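Please open the structure in a viewer and keep the sequence at hand.

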Amino acid sequence: MVATGEATALLRTETTPPIRVFGTESIRETFDDLCLQQAVNSRLAPGVTDLVLNPDAHCGYGAPVGCVMVSPTHVYPGPVGVDIKCSMSLLQLDLPAEAIEDRKVRRALISAICQRTPTGAGKGQRSVTKARHVNRTLGKQLVTEGASDDVCRALGIPTSWAYRCEDSHHVGHDDTPLALENRLETILGHRHMSNFSDKMQQLGSYGGGNHFGECEVVEVGDDDRARDVAQTFGLIDGNVAFLSHCGSRGFGHNLASGQFRTLQDKFDRWGIPLPAGDRQLVYAPLGSDEANDYLDDMALGANF
């Protein structure tokens, strides 16, 4: 790896343009050999035109977690892995920091959140006393519609919240919700989705690993740029906010695992060589039935 700046570097391959790396030297030193090898393997895979390693890069499913893998002609399940749409959101409250200075108040807030939010691997609404209940019918609606007005109302969520999200709902590979409805009906007949109803019970929960939720106090920097950014996102200096990091839970794991198995079976039947011999670097040509199914599955997981 060759440094090109204070927080940039290039990782060279034998036959393609180099991989761009973002991160200071101390961050880049945390990338272990397997992570770097996965990056090279992914860059050399069919149809891949660019690969970027971000500061959070670490070993993943064939491709490193924390990479951007660009291919205009193929879809690869590896970079997304099993935690579809794993992302963060910040809920700004109109509560000033002074309101939670008392330790008893903070403890009461934590208790209230824990009574409503299941946490831990496999945990669903049955694990807490005041969780929202999601039955099979509502589950089918929310994975195909995302945070639609009807779904929000059924869950007791203000519909206006969805309009503050960048992507509160996703459609199918052909830009229609019907594609998702058809795909869902198909996969509900598959063995790996036989526990669909149970997985819907995990909506609004945190799993293990890097999932978390935390309350924090917003501090806006004393300069015009910081104030402009804060105004754009509705951030209020000195007020409490809730930061959440979560993904698609057990439903997403089922979807991705099913995709890996399906594509691996295709490679075995067709005798296609695996990139770098890695079974987790399977792919499908864009526009194929396999690629369309994968894109629909990702949209279902993202909606969840």
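With which side chain does the side chain of H211 make a polar contact? Select H211 and D83 together: the side chain of H211 makes a polar contact with that of D83, at 2.9 Å. A polar contact is a pair of N or O atoms within 3.5 Å; within protein, one must be able to donate a hydrogen and the other to accept it, and residues adjacent in sequence count only if both atoms are side-chain atoms.

This is a predicted model, in which local features need pLDDT of at least 70 and side-chain atom pairs count only at pLDDT 80 or more, while totals for chains, interfaces and linings use all residues. Residues are numbered from 1 along each chain as its sequence is written, and side-chain values use heavy atoms, with hydrogens and water left out.

Keep both residues selected. The UniProt annotation "binding site", from an unreviewed entry, covers D83 and H211. They are spread over 129 residues of sequence, yet they cluster in space, with a largest C-alpha distance of 10.4 Å. Such annotations may be inferred rather than shown by experiment.

Next, centre on D83, which is found in the loop between β6 (74–75) and β7 (87–96); strands are DSSP runs of E with at least two residues, helices runs of H or I with at least four, numbered from the N terminus. D83 counts as partly exposed because its relative accessibility is 24% (buried is under 20%, exposed over 50%, partly exposed in between, with a 1.4 Å probe and protein chains only).

Then move to H211, in the loop between α8 (196–200) and β8 (212–217). H211 counts as buried, because its relative accessibility is 13%.
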